[in-house]
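Dear colleague,

I am passing this structure on to you, and I would be glad if you could look through it before reading my notes, which follow below.

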Amino acid sequence: KHANMWSRAQVLGLYRDILRTHRRVLAPDLRLLGDKYVRAEWQLHKKSSGKILSQFLSSWKDYKDMVENHHDQDAEPGRDLAPEQMQRMNDDQKEQLQRLETEAREIYKRNDNSHKHS
């Protein structure tokens, strides 16, 4: 869908679906991290339009689908970005992504170890 084909209700619906998906499939600490990141990104893009908004919404739809699909597998969540996606990011975005990845991996390892010892 292109951004101009998304109604306000559909945009808000996707936002709520992502948070619902987090609530349903993520461990509590990963959910807190994910929810915080989602809220910050949606706030930053609140006034976006056109191609930027279209790419933003498409990426978040893909993210939601990926999180839901990983829930059914015994695999570490996430995936690597394509090289062209990394090239489009500025230095601040790359740094934020690295911090998010590091924090998520630490949480995942903690949860994985606690499940093995239960």
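Accessible areas come from the Shrake-Rupley method with a 1.4 Å probe, and for residues only the protein chains shown count as cover. On that basis the protein exposes about 8,700 Å², of which carbon and sulfur atoms supply 50%. Please keep in mind that this is a predicted model, in which local features need pLDDT of at least 70 and side-chain atom pairs count only at pLDDT 80 or more, while totals for chains, interfaces and linings use all residues. Residues are numbered from 1 along each chain as its sequence is written, and side-chain values use heavy atoms, with hydrogens and water left out.

The protein has 5 helices and 0 strands, where helices (H or I, at least four residues) and strands (E, at least two) are DSSP runs numbered from the N terminus. Of its 118 residues, 27% count as buried, meaning under 20% relative accessible area with a 1.4 Å probe and protein chains only.

The buried residues of H1 include Leu14, Ile18 and Val25.

His45 lies in the loop between helix H2 (28–44) and helix H3 (50–71), and it counts as buried because its relative accessibility is 19%. A polar atom of the His45 side chain lies 2.9 Å from the backbone oxygen of Glu41. Leaving aside residues up to four places away in sequence, His45 touches Ile52 and Phe56, where contact means heavy atoms within 4.5 Å.

Technical notes:
Buried < 20%, exposed > 50% of the residue type's maximum accessible area, 1.4 Å probe, protein only. Polar contact = N/O pair within 3.5 Å; in protein donor to acceptor, adjacent residues only side chain to side chain.
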